[in-house]
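Subject: Structure handover and notes

Hello,

Here is the structure you were going to look at. My notes come after it.

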Amino acid sequence: MNIPQSSYPRVVIIGGGFGGIALAKKLSKKEAQVVLVDKHNYHNFQPLLYQVSTGGLEPDSIAYPIRKVLQGYPNFFFRLAQVEEVKTDDKRIKTNIGEIFYDYLVVATGSETNFFGNKNIETKGMAMKTIPQSLNLRSLILENFEQALLTDDLHHRDALMNFVIVGGGPTGVELAGALAEIKKGILPKDYPDLDTRRAQINLVQSGDRLLPAMSEKASEKAEKFLEELGVHVWKNIRVTDYDGKRVSTNTKTIFDAETLVWAAGVKAVGLKGLDSEELLSSGNRLKVDECHQVIGVENVFAIGDVAQMETERFPHGLPMMAQPAIQQGRSLGDNLVRLIEGTPMKPFVYKDKGSMATVGRNKAVVDMPKFRFQGVFAWFVWMFVHLYFLIGFRNRVVVFINWVYNYIRFDREARLIIRPFKKQNKVERDTLTQD
Ligand SMILES: Cc1cc2nc3c(=O)[nH]c(=O)nc-3n(C[C@H](O)[C@H](O)[C@H](O)COP(=O)(O)OP(=O)(O)OC[C@H]3O[C@@H](n4cnc5c(N)ncnc54)[C@H](O)[C@@H]3O)c2cc1C
(Lines give C-alpha, C1' and ligand atoms only; values in the text may rest on other atoms or scores of the structure.)
Protein backbone atom coordinates (compact mmCIF):
# COMPACT_ATOMS: atom_id res chain seq x y z
CA MET A 1 0.00 0.00 0.00
CA ASN A 2 3.08 2.16 -0.27
CA ILE A 3 3.18 3.50 3.30
CA PRO A 4 6.72 4.45 4.42
CA GLN A 5 8.36 2.82 7.44
CA SER A 6 8.28 4.98 10.55
CA SER A 7 9.86 4.92 13.98
CA TYR A 8 6.43 5.71 15.38
CA PRO A 9 3.90 2.96 16.06
CA ARG A 10 1.36 2.56 13.28
CA VAL A 11 -2.32 3.08 13.99
CA VAL A 12 -4.56 1.82 11.20
CA ILE A 13 -8.12 3.17 11.24
CA ILE A 14 -10.77 1.47 9.11
CA GLY A 15 -13.50 3.99 8.30
CA GLY A 16 -13.53 7.77 7.85
CA GLY A 17 -16.94 8.37 9.38
CA PHE A 18 -17.68 10.41 12.50
CA GLY A 19 -15.62 8.16 14.77
CA GLY A 20 -12.66 7.55 12.45
CA ILE A 21 -12.24 11.23 11.59
CA ALA A 22 -12.47 12.35 15.24
CA LEU A 23 -9.79 9.80 16.16
CA ALA A 24 -7.49 10.68 13.25
CA LYS A 25 -7.71 14.38 14.15
CA LYS A 26 -6.76 13.60 17.74
CA LEU A 27 -3.74 11.57 16.67
CA SER A 28 -2.58 13.74 13.82
CA LYS A 29 -0.04 15.73 15.86
CA LYS A 30 1.01 12.87 18.12
CA GLU A 31 3.90 10.46 17.88
CA ALA A 32 2.05 7.89 15.81
CA GLN A 33 1.85 7.04 12.15
CA VAL A 34 -1.83 7.15 11.25
CA VAL A 35 -3.18 5.26 8.24
CA LEU A 36 -6.86 5.82 7.54
CA VAL A 37 -8.51 3.43 5.08
CA ASP A 38 -11.98 4.01 3.64
CA LYS A 39 -13.78 2.64 0.60
CA HIS A 40 -14.93 6.20 -0.16
CA ASN A 41 -12.68 9.22 -0.44
CA TYR A 42 -15.24 11.34 1.37
CA HIS A 43 -16.91 11.64 4.74
CA ASN A 44 -20.69 11.26 4.49
CA PHE A 45 -22.79 13.45 6.80
CA GLN A 46 -25.62 10.93 7.12
CA PRO A 47 -28.05 13.06 9.18
CA LEU A 48 -28.75 15.18 6.08
CA LEU A 49 -29.13 12.33 3.58
CA TYR A 50 -32.90 12.72 3.61
CA GLN A 51 -32.49 16.27 2.30
CA VAL A 52 -30.50 14.91 -0.66
CA SER A 53 -33.24 12.34 -1.30
CA THR A 54 -35.87 15.06 -1.35
CA GLY A 55 -34.02 17.63 -3.45
CA GLY A 56 -33.31 20.06 -0.60
CA LEU A 57 -29.53 19.77 -0.84
CA GLU A 58 -27.01 18.70 -3.44
CA PRO A 59 -24.98 15.63 -2.44
CA ASP A 60 -21.68 17.52 -2.56
CA SER A 61 -22.76 19.76 0.30
CA ILE A 62 -22.98 16.87 2.77
CA ALA A 63 -19.80 15.08 1.66
CA TYR A 64 -16.26 16.15 2.46
CA PRO A 65 -12.93 14.85 1.09
CA ILE A 66 -11.20 12.79 3.77
CA ARG A 67 -7.77 13.82 2.49
CA LYS A 68 -8.65 17.48 3.11
CA VAL A 69 -9.62 16.89 6.74
CA LEU A 70 -6.04 15.96 7.56
CA GLN A 71 -4.07 17.92 5.01
CA GLY A 72 -0.62 19.00 6.12
CA TYR A 73 0.01 16.35 8.78
CA PRO A 74 3.22 14.49 7.80
CA ASN A 75 2.40 11.33 9.78
CA PHE A 76 -1.05 10.92 8.29
CA PHE A 77 -1.78 8.68 5.29
CA PHE A 78 -5.08 7.98 3.57
CA ARG A 79 -5.72 5.01 1.30
CA LEU A 80 -8.87 4.57 -0.74
CA ALA A 81 -9.52 0.87 -0.27
CA GLN A 82 -12.09 -1.68 0.77
CA VAL A 83 -10.93 -3.68 3.76
CA GLU A 84 -11.64 -7.36 3.17
CA GLU A 85 -10.18 -9.12 6.17
CA VAL A 86 -8.42 -8.59 9.47
CA LYS A 87 -5.62 -11.07 10.21
CA THR A 88 -5.16 -10.64 13.91
CA ASP A 89 -2.54 -13.40 14.19
CA ASP A 90 0.05 -11.47 12.20
CA LYS A 91 -1.43 -7.97 12.81
CA ARG A 92 -2.32 -7.21 9.20
CA ILE A 93 -5.35 -6.12 7.29
CA LYS A 94 -6.11 -7.28 3.77
CA THR A 95 -7.65 -4.77 1.36
CA ASN A 96 -8.46 -4.73 -2.34
CA ILE A 97 -5.21 -2.82 -2.96
CA GLY A 98 -2.90 -4.89 -0.77
CA GLU A 99 -2.06 -5.70 2.82
CA ILE A 100 -0.79 -3.51 5.61
CA PHE A 101 0.72 -4.17 9.02
CA TYR A 102 -0.62 -2.45 12.15
CA ASP A 103 0.57 -1.93 15.68
CA TYR A 104 -2.90 -0.81 16.72
CA LEU A 105 -6.04 -1.35 14.68
CA VAL A 106 -9.23 0.65 15.07
CA VAL A 107 -12.44 -0.58 13.48
CA ALA A 108 -14.79 2.34 12.75
CA THR A 109 -16.79 0.84 9.89
CA GLY A 110 -20.19 2.12 11.04
CA SER A 111 -23.46 0.42 10.19
CA GLU A 112 -25.60 -0.58 7.23
CA THR A 113 -29.32 -1.06 6.64
CA ASN A 114 -30.70 -4.14 8.35
CA PHE A 115 -33.46 -5.82 6.33
CA PHE A 116 -33.66 -8.60 8.91
CA GLY A 117 -33.18 -11.21 6.18
CA ASN A 118 -36.13 -10.10 4.03
CA LYS A 119 -34.67 -10.41 0.52
CA ASN A 120 -37.78 -9.04 -1.20
CA ILE A 121 -37.68 -5.83 0.76
CA GLU A 122 -33.92 -5.59 0.29
CA THR A 123 -34.13 -5.92 -3.49
CA LYS A 124 -37.41 -4.10 -4.17
CA GLY A 125 -37.34 -1.49 -1.43
CA MET A 126 -35.11 1.57 -1.08
CA ALA A 127 -32.53 2.19 1.62
CA MET A 128 -31.05 5.55 2.60
CA LYS A 129 -27.69 4.99 4.23
CA THR A 130 -25.29 6.24 1.56
CA ILE A 131 -25.17 9.13 -0.89
CA PRO A 132 -25.69 6.88 -3.97
CA GLN A 133 -28.76 5.38 -2.28
CA SER A 134 -30.13 8.85 -1.54
CA LEU A 135 -29.63 9.88 -5.15
CA ASN A 136 -31.42 6.73 -6.29
CA LEU A 137 -34.34 7.58 -4.04
CA ARG A 138 -34.43 11.16 -5.34
CA SER A 139 -34.54 9.90 -8.92
CA LEU A 140 -37.20 7.31 -8.15
CA ILE A 141 -39.50 9.83 -6.44
CA LEU A 142 -39.28 12.22 -9.38
CA GLU A 143 -39.55 9.48 -12.01
CA ASN A 144 -42.71 8.23 -10.31
CA PHE A 145 -44.40 11.60 -10.77
CA GLU A 146 -43.27 11.82 -14.40
CA GLN A 147 -44.78 8.37 -14.98
CA ALA A 148 -47.95 9.19 -13.03
CA LEU A 149 -48.50 12.05 -15.42
CA LEU A 150 -48.49 9.70 -18.39
CA THR A 151 -50.55 6.74 -17.26
CA ASP A 152 -54.30 6.44 -17.80
CA ASP A 153 -54.54 3.63 -15.28
CA LEU A 154 -55.86 5.38 -12.16
CA HIS A 155 -54.86 2.59 -9.79
CA HIS A 156 -51.31 2.60 -11.13
CA ARG A 157 -51.20 6.38 -10.96
CA ASP A 158 -52.14 6.30 -7.28
CA ALA A 159 -49.54 3.60 -6.60
CA LEU A 160 -46.86 5.74 -8.25
CA MET A 161 -47.79 8.60 -5.92
CA ASN A 162 -48.03 6.40 -2.84
CA PHE A 163 -44.96 6.39 -0.59
CA VAL A 164 -44.52 3.94 2.25
CA ILE A 165 -41.77 4.70 4.73
CA VAL A 166 -41.07 1.92 7.17
CA GLY A 167 -39.60 2.90 10.54
CA GLY A 168 -40.70 5.68 12.86
CA GLY A 169 -37.25 6.70 14.08
CA PRO A 170 -35.66 10.06 13.18
CA THR A 171 -34.86 8.99 9.59
CA GLY A 172 -38.44 7.89 8.84
CA VAL A 173 -39.96 10.94 10.53
CA GLU A 174 -37.66 13.39 8.75
CA LEU A 175 -38.15 11.80 5.35
CA ALA A 176 -41.94 11.64 5.74
CA GLY A 177 -42.05 15.31 6.76
CA ALA A 178 -39.90 16.38 3.81
CA LEU A 179 -42.03 14.40 1.32
CA ALA A 180 -45.18 15.95 2.76
CA GLU A 181 -43.71 19.41 2.25
CA ILE A 182 -42.90 18.58 -1.37
CA LYS A 183 -46.44 17.40 -1.88
CA LYS A 184 -47.81 20.61 -0.46
CA GLY A 185 -45.44 23.22 -1.81
CA ILE A 186 -43.82 21.91 -4.97
CA LEU A 187 -45.87 19.24 -6.72
CA PRO A 188 -48.91 21.42 -7.49
CA LYS A 189 -46.63 23.94 -9.23
CA ASP A 190 -44.46 21.37 -11.03
CA TYR A 191 -47.35 19.16 -12.11
CA PRO A 192 -50.37 21.42 -12.60
CA ASP A 193 -51.86 18.79 -14.95
CA LEU A 194 -51.68 15.99 -12.35
CA ASP A 195 -53.95 15.66 -9.34
CA THR A 196 -51.10 15.55 -6.82
CA ARG A 197 -53.55 15.84 -3.93
CA ARG A 198 -53.90 12.08 -4.34
CA ALA A 199 -50.25 11.55 -3.41
CA GLN A 200 -49.97 9.75 -0.08
CA ILE A 201 -47.17 9.57 2.43
CA ASN A 202 -47.51 6.65 4.84
CA LEU A 203 -45.20 6.26 7.79
CA VAL A 204 -45.39 2.78 9.29
CA GLN A 205 -44.09 2.11 12.78
CA SER A 206 -44.15 -1.30 14.41
CA GLY A 207 -44.27 0.13 17.94
CA ASP A 208 -46.89 2.24 19.64
CA ARG A 209 -45.10 5.55 19.21
CA LEU A 210 -42.80 7.40 16.84
CA LEU A 211 -39.25 8.33 17.90
CA PRO A 212 -39.15 5.62 20.58
CA ALA A 213 -35.67 6.67 21.72
CA MET A 214 -36.95 10.15 22.59
CA SER A 215 -39.35 11.42 25.26
CA GLU A 216 -43.09 10.74 25.02
CA LYS A 217 -43.70 14.44 24.54
CA ALA A 218 -41.33 14.48 21.54
CA SER A 219 -43.12 11.43 20.08
CA GLU A 220 -46.55 12.99 20.51
CA LYS A 221 -45.48 16.29 19.02
CA ALA A 222 -43.70 14.69 16.07
CA GLU A 223 -46.84 12.70 15.29
CA LYS A 224 -48.99 15.80 15.55
CA PHE A 225 -46.65 17.76 13.27
CA LEU A 226 -46.71 14.97 10.70
CA GLU A 227 -50.47 14.74 10.76
CA GLU A 228 -50.72 18.50 10.26
CA LEU A 229 -48.59 18.01 7.17
CA GLY A 230 -50.92 15.29 5.90
CA VAL A 231 -48.74 12.24 6.62
CA HIS A 232 -50.64 9.04 7.47
CA VAL A 233 -49.03 7.63 10.58
CA TRP A 234 -49.63 3.88 11.11
CA LYS A 235 -48.60 2.51 14.48
CA ASN A 236 -48.43 -1.05 15.78
CA ILE A 237 -48.18 -2.38 12.23
CA ARG A 238 -45.27 -4.43 10.98
CA VAL A 239 -44.38 -4.50 7.29
CA THR A 240 -43.76 -8.12 6.35
CA ASP A 241 -43.16 -8.16 2.60
CA TYR A 242 -42.94 -6.12 -0.59
CA ASP A 243 -43.10 -7.39 -4.16
CA GLY A 244 -42.25 -4.05 -5.73
CA LYS A 245 -45.91 -3.10 -6.05
CA ARG A 246 -47.73 -4.24 -2.92
CA VAL A 247 -46.65 -3.79 0.68
CA SER A 248 -47.95 -6.52 3.00
CA THR A 249 -48.21 -6.12 6.74
CA ASN A 250 -48.97 -8.34 9.71
CA THR A 251 -52.50 -6.91 9.70
CA LYS A 252 -55.15 -6.69 7.00
CA THR A 253 -53.71 -3.35 5.90
CA ILE A 254 -51.92 -3.44 2.57
CA PHE A 255 -50.49 -0.60 0.53
CA ASP A 256 -50.27 -0.52 -3.25
CA ALA A 257 -47.13 1.54 -3.61
CA GLU A 258 -44.34 1.85 -6.13
CA THR A 259 -41.99 3.19 -3.46
CA LEU A 260 -41.10 1.61 -0.15
CA VAL A 261 -38.32 3.16 1.89
CA TRP A 262 -36.86 0.92 4.56
CA ALA A 263 -35.68 2.95 7.56
CA ALA A 264 -36.48 0.31 10.16
CA GLY A 265 -33.11 -0.82 11.36
CA VAL A 266 -29.36 -0.90 11.05
CA LYS A 267 -26.66 -3.43 11.86
CA ALA A 268 -22.93 -2.99 12.27
CA VAL A 269 -20.67 -3.46 9.25
CA GLY A 270 -18.69 -6.56 10.07
CA LEU A 271 -15.24 -7.64 8.89
CA LYS A 272 -13.95 -11.11 8.11
CA GLY A 273 -11.49 -12.12 10.81
CA LEU A 274 -13.45 -10.28 13.49
CA ASP A 275 -16.67 -12.15 12.97
CA SER A 276 -16.54 -15.02 15.42
CA GLU A 277 -19.59 -15.40 17.61
CA GLU A 278 -17.84 -14.62 20.88
CA LEU A 279 -16.71 -11.19 19.58
CA LEU A 280 -20.15 -10.06 18.47
CA SER A 281 -23.28 -8.92 20.24
CA SER A 282 -26.75 -8.39 18.83
CA GLY A 283 -26.80 -6.24 15.70
CA ASN A 284 -23.37 -7.57 14.70
CA ARG A 285 -21.57 -5.05 16.94
CA LEU A 286 -18.09 -5.82 18.30
CA LYS A 287 -18.09 -6.09 22.07
CA VAL A 288 -15.65 -3.55 23.53
CA ASP A 289 -14.55 -2.71 27.05
CA GLU A 290 -14.70 0.79 28.56
CA CYS A 291 -11.37 1.69 26.88
CA HIS A 292 -12.70 0.72 23.40
CA GLN A 293 -10.65 -2.49 23.20
CA VAL A 294 -12.37 -5.34 21.38
CA ILE A 295 -12.85 -7.89 24.13
CA GLY A 296 -10.55 -10.83 23.57
CA VAL A 297 -8.45 -9.36 20.74
CA GLU A 298 -5.17 -7.67 21.54
CA ASN A 299 -4.40 -4.24 20.05
CA VAL A 300 -7.72 -4.06 18.22
CA PHE A 301 -10.23 -1.35 19.13
CA ALA A 302 -13.67 -0.41 17.87
CA ILE A 303 -15.62 2.86 18.03
CA GLY A 304 -18.93 4.26 16.83
CA ASP A 305 -21.83 2.26 15.44
CA VAL A 306 -19.75 -0.90 15.10
CA ALA A 307 -18.81 -0.96 18.79
CA GLN A 308 -21.00 -2.43 21.49
CA MET A 309 -20.01 -0.60 24.67
CA GLU A 310 -22.39 -1.50 27.46
CA THR A 311 -22.79 0.95 30.32
CA GLU A 312 -25.09 1.07 33.31
CA ARG A 313 -27.34 3.59 31.58
CA PHE A 314 -27.08 1.88 28.19
CA PRO A 315 -27.03 -1.85 28.97
CA HIS A 316 -27.66 -2.69 25.29
CA GLY A 317 -24.83 -0.50 24.05
CA LEU A 318 -24.50 3.21 23.35
CA PRO A 319 -26.93 4.66 20.79
CA MET A 320 -25.88 4.33 17.14
CA MET A 321 -25.55 8.06 16.67
CA ALA A 322 -22.92 10.60 15.67
CA GLN A 323 -22.16 11.89 19.20
CA PRO A 324 -21.10 8.55 20.72
CA ALA A 325 -18.90 7.94 17.65
CA ILE A 326 -17.24 11.37 17.87
CA GLN A 327 -16.73 11.18 21.64
CA GLN A 328 -15.34 7.65 21.40
CA GLY A 329 -12.98 8.70 18.61
CA ARG A 330 -11.58 11.53 20.74
CA SER A 331 -11.34 9.36 23.84
CA LEU A 332 -9.57 6.56 22.00
CA GLY A 333 -7.12 9.10 20.57
CA ASP A 334 -6.10 10.07 24.10
CA ASN A 335 -5.99 6.44 25.19
CA LEU A 336 -3.77 5.33 22.31
CA VAL A 337 -1.31 8.09 23.22
CA ARG A 338 -1.37 6.80 26.80
CA LEU A 339 -0.84 3.26 25.56
CA ILE A 340 2.10 4.31 23.38
CA GLU A 341 3.61 6.24 26.32
CA GLY A 342 3.10 3.25 28.61
CA THR A 343 0.59 4.93 30.96
CA PRO A 344 -2.78 3.40 31.88
CA MET A 345 -5.76 4.10 29.63
CA LYS A 346 -8.81 5.90 31.04
CA PRO A 347 -12.33 4.48 30.81
CA PHE A 348 -14.64 6.31 28.41
CA VAL A 349 -17.56 8.23 29.88
CA TYR A 350 -20.33 9.10 27.43
CA LYS A 351 -21.76 12.61 27.79
CA ASP A 352 -25.31 12.41 26.52
CA LYS A 353 -26.05 15.72 24.81
CA GLY A 354 -29.59 14.70 23.87
CA SER A 355 -31.29 13.99 20.58
CA MET A 356 -33.45 15.77 18.09
CA ALA A 357 -35.47 15.32 14.91
CA THR A 358 -37.04 17.74 12.50
CA VAL A 359 -40.39 17.20 10.88
CA GLY A 360 -40.36 20.17 8.55
CA ARG A 361 -40.43 23.91 8.31
CA ASN A 362 -40.61 25.40 11.84
CA LYS A 363 -41.29 21.95 13.25
CA ALA A 364 -38.75 19.98 15.26
CA VAL A 365 -38.46 18.19 18.57
CA VAL A 366 -35.45 18.43 20.86
CA ASP A 367 -34.73 16.40 24.00
CA MET A 368 -31.75 17.73 25.92
CA PRO A 369 -30.66 16.29 29.26
CA LYS A 370 -32.24 19.22 31.14
CA PHE A 371 -34.65 20.79 28.64
CA ARG A 372 -37.20 19.53 26.19
CA PHE A 373 -38.81 21.72 23.62
CA GLN A 374 -40.65 21.48 20.33
CA GLY A 375 -41.66 23.77 17.48
CA VAL A 376 -39.95 26.79 15.94
CA PHE A 377 -37.17 27.22 18.51
CA ALA A 378 -36.39 23.51 18.33
CA TRP A 379 -36.18 23.81 14.56
CA PHE A 380 -33.61 26.61 14.81
CA VAL A 381 -31.62 24.58 17.34
CA TRP A 382 -31.75 21.57 15.00
CA MET A 383 -30.42 23.65 12.11
CA PHE A 384 -27.67 25.24 14.19
CA VAL A 385 -26.47 21.88 15.56
CA HIS A 386 -26.41 20.27 12.11
CA LEU A 387 -24.52 23.20 10.60
CA TYR A 388 -22.05 23.12 13.48
CA PHE A 389 -21.24 19.43 13.07
CA LEU A 390 -21.16 19.47 9.26
CA ILE A 391 -17.54 19.07 8.17
CA GLY A 392 -16.05 21.84 6.01
CA PHE A 393 -16.59 25.60 5.91
CA ARG A 394 -17.77 25.54 2.29
CA ASN A 395 -20.36 22.88 3.10
CA ARG A 396 -21.69 24.92 6.01
CA VAL A 397 -22.03 28.02 3.85
CA VAL A 398 -23.67 26.12 0.99
CA VAL A 399 -26.12 24.31 3.28
CA PHE A 400 -26.97 27.52 5.14
CA ILE A 401 -27.62 29.43 1.90
CA ASN A 402 -29.73 26.55 0.58
CA TRP A 403 -31.80 26.47 3.74
CA VAL A 404 -32.39 30.23 3.71
CA TYR A 405 -33.29 30.09 0.02
CA ASN A 406 -35.62 27.12 0.49
CA TYR A 407 -37.23 28.79 3.49
CA ILE A 408 -37.92 32.06 1.71
CA ARG A 409 -38.94 30.51 -1.61
CA PHE A 410 -40.72 27.38 -0.26
CA ASP A 411 -38.56 25.50 -2.73
CA ARG A 412 -36.14 22.56 -3.20
CA GLU A 413 -34.31 23.14 -6.43
CA ALA A 414 -32.17 20.03 -6.45
CA ARG A 415 -35.11 17.98 -7.73
CA LEU A 416 -33.09 16.63 -10.61
CA ILE A 417 -33.01 13.22 -12.26
CA ILE A 418 -29.27 13.21 -12.91
CA ARG A 419 -28.93 9.47 -13.24
CA PRO A 420 -32.23 7.71 -13.80
CA PHE A 421 -33.07 4.84 -11.51
CA LYS A 422 -34.82 1.76 -12.85
CA LYS A 423 -36.37 -0.08 -9.98
CA GLN A 424 -37.35 -3.13 -11.95
CA ASN A 425 -33.96 -3.59 -13.56
CA LYS A 426 -32.09 -5.46 -10.85
CA VAL A 427 -28.70 -5.37 -12.62
CA GLU A 428 -28.81 -1.65 -13.18
CA ARG A 429 -30.17 -1.11 -9.72
CA ASP A 430 -27.27 -2.95 -8.12
CA THR A 431 -24.76 -0.97 -10.13
CA LEU A 432 -26.32 2.29 -9.12
CA THR A 433 -26.72 1.45 -5.46
CA GLN A 434 -23.13 0.32 -5.07
CA ASP A 435 -21.62 1.87 -1.98
C1 LIG B 1 -30.30 8.66 7.28
C2 LIG B 1 -29.55 8.77 8.57
C3 LIG B 1 -29.80 9.82 9.43
C4 LIG B 1 -29.10 9.93 10.64
N5 LIG B 1 -29.36 10.99 11.46
C6 LIG B 1 -28.67 11.13 12.59
C7 LIG B 1 -28.87 12.27 13.42
O8 LIG B 1 -29.71 13.13 13.11
N9 LIG B 1 -28.12 12.38 14.55
C10 LIG B 1 -27.18 11.45 14.88
O11 LIG B 1 -26.50 11.61 15.89
N12 LIG B 1 -26.98 10.36 14.12
C13 LIG B 1 -27.68 10.19 12.98
N14 LIG B 1 -27.46 9.09 12.19
C15 LIG B 1 -26.52 8.07 12.65
C16 LIG B 1 -25.08 8.48 12.42
O17 LIG B 1 -24.89 8.93 11.10
C18 LIG B 1 -24.17 7.30 12.72
O19 LIG B 1 -24.40 6.89 14.04
C20 LIG B 1 -22.71 7.69 12.55
O21 LIG B 1 -22.44 7.97 11.20
C22 LIG B 1 -21.79 6.58 13.06
O23 LIG B 1 -20.47 6.98 12.88
P24 LIG B 1 -19.33 5.90 12.60
O25 LIG B 1 -18.05 6.63 12.58
O26 LIG B 1 -19.49 4.77 13.55
O27 LIG B 1 -19.66 5.30 11.16
P28 LIG B 1 -19.94 6.00 9.77
O29 LIG B 1 -20.09 7.47 9.91
O30 LIG B 1 -21.03 5.24 9.13
O31 LIG B 1 -18.59 5.72 8.95
C32 LIG B 1 -18.17 4.44 8.62
C33 LIG B 1 -17.12 4.56 7.51
O34 LIG B 1 -16.53 3.28 7.34
C35 LIG B 1 -16.33 3.05 5.95
N36 LIG B 1 -16.27 1.60 5.75
C37 LIG B 1 -17.19 0.67 6.12
N38 LIG B 1 -16.76 -0.56 5.81
C39 LIG B 1 -15.55 -0.42 5.23
C40 LIG B 1 -14.62 -1.35 4.68
N41 LIG B 1 -14.82 -2.67 4.70
N42 LIG B 1 -13.49 -0.85 4.13
C43 LIG B 1 -13.25 0.48 4.11
N44 LIG B 1 -14.10 1.39 4.61
C45 LIG B 1 -15.23 0.94 5.17
C46 LIG B 1 -17.53 3.72 5.29
O47 LIG B 1 -17.26 4.04 3.94
C48 LIG B 1 -17.72 4.96 6.17
O49 LIG B 1 -17.02 6.07 5.66
C50 LIG B 1 -28.14 8.96 10.98
C51 LIG B 1 -27.88 7.89 10.11
C52 LIG B 1 -28.57 7.80 8.91
C53 LIG B 1 -28.29 6.66 7.98
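Predicted model: local features only at pLDDT ≥ 70, side-chain atom pairs only at ≥ 80, totals over all residues.

Overall

The protein contains 13 helices and 24 strands. Its C-alpha trace spans about 70 × 50 × 40 Å along the principal axes. The radius of gyration is 22 Å, which agrees with the value near 22 Å that a compact globule of 435 residues would have. Of the 435 residues, 54% are buried. Among contacts with a separation of 6 or more, 64% are between residues 24 or more positions apart.

Strand β11 covers residues 162-166, and five of the five are buried, so the strand is largely enclosed by the rest of the structure. In a regular strand, side chains alternate between the two faces of the sheet. In β11, N162, V164 and V166 point one way, F163 and I165 point the other way, and all are buried.

β11 has a parallel partner in strand β12 (residues 200-205), joined to it by five bridges. In that pairing, N162 is the bridge partner of Q200. Strand β17 (residues 259-262) also pairs with β11 in the parallel sense, over four bridges. There, F163 has T259 as its bridge partner.

Strand β22 (residues 355-360) is mostly covered, with six of its six residues buried. Five bridges connect β22 to strand β23 (residues 363-367), and the two run antiparallel. T358 sits opposite A364 of β23. The two strands form a hairpin with two residues between them, and N362 in the turn has a positive phi of about 65°.

T88

Where is T88? It lies in the loop between β6 (83-87) and β7 (92-95). Is T88 buried, partly exposed or exposed? T88 has a relative accessible area of 28%; because buried means under 20% and exposed means over 50%, T88 counts as partly exposed. Leaving aside residues up to four places away in sequence, T88 touches Y102, L274, V297 and V300. N44 is 44 residues from T88 along the chain, and the C-alpha atoms of the two are separated by 28 Å.

Regards

Terms used:
Residues numbered from 1 in each chain as written. Heavy atoms only, no water. Rg over C-alpha atoms; globule rule 2.2 N^0.38 Å. Buried < 20%, exposed > 50% of the residue type's maximum accessible area, 1.4 Å probe, protein only. Contact = heavy atoms within 4.5 Å. Pairing = 2+ DSSP bridges.
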